[in-house]
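Hello,

Here is the structure I promised to pass on. Please look it over first, then read the notes below.

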Amino acid sequence: MAPPAGPVRAPEAGGGAGVRIRAARKEAGLTQQGLSSAVEVSRQTIIAMETGDYAPSVYLALKVAKALHATVEQLWDTDPPP
């Protein structure tokens, strides 16, 4: 079976991952353009991740986490420990 066409969407739009990505980006002193340059994607991709409209590939998630000095789990964990 062929994979679905179109953008990959996060399970929940506007979810916590987007908020955590935005906060980590600002804490790192990066603009959306700066982060997009660091991970070699468009600024629109960063915007989509921050709004919860895009779930990145594992490879891109690792690059984003590294650029933000965080782990993938810190940014995308859907069930963080209490």
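Helices here are DSSP runs of H or I with at least four residues, numbered from the N terminus. This is a predicted model: local features need pLDDT of at least 70, side-chain atom pairs count only at pLDDT 80 or more, and totals for chains, interfaces and linings use all residues. Residues are numbered from 1 along each chain as its sequence is written, and side-chain values use heavy atoms, with hydrogens and water left out.

Start with helix 3, which holds threonine 45. Threonine 45 counts as buried because its relative accessibility is 18% (buried is under 20% relative accessible area, exposed over 50%, partly exposed in between, with a 1.4 Å probe and protein chains only). Its side chain makes a polar contact of 3.0 Å with that of serine 42 (a pair of N or O atoms within 3.5 Å; within protein, one must be able to donate a hydrogen and the other to accept it, and residues adjacent in sequence count only if both atoms are side-chain atoms).

Glutamine 44 is in helix 3 too. Glutamine 44 counts as exposed, because its relative accessibility is 51%.

Now the largest nonpolar core. It has 16 residues (buried Ala, Val, Leu, Ile, Met, Phe, Trp, Tyr and Cys, joined through side-chain atoms within 4.5 Å). Those with the most contacts inside it include Val39, Met49 and Trp76. Helix 4 gives the most to this core: five residues.

Tryptophan 76 touches Ala17, Met49 and Val64, among others, not counting residues up to four places away in sequence (contact means heavy atoms within 4.5 Å).

Best wishes

Note on methods
Helix = DSSP H or I, 4+ residues; strand = E, 2+ residues; numbered from the N terminus.
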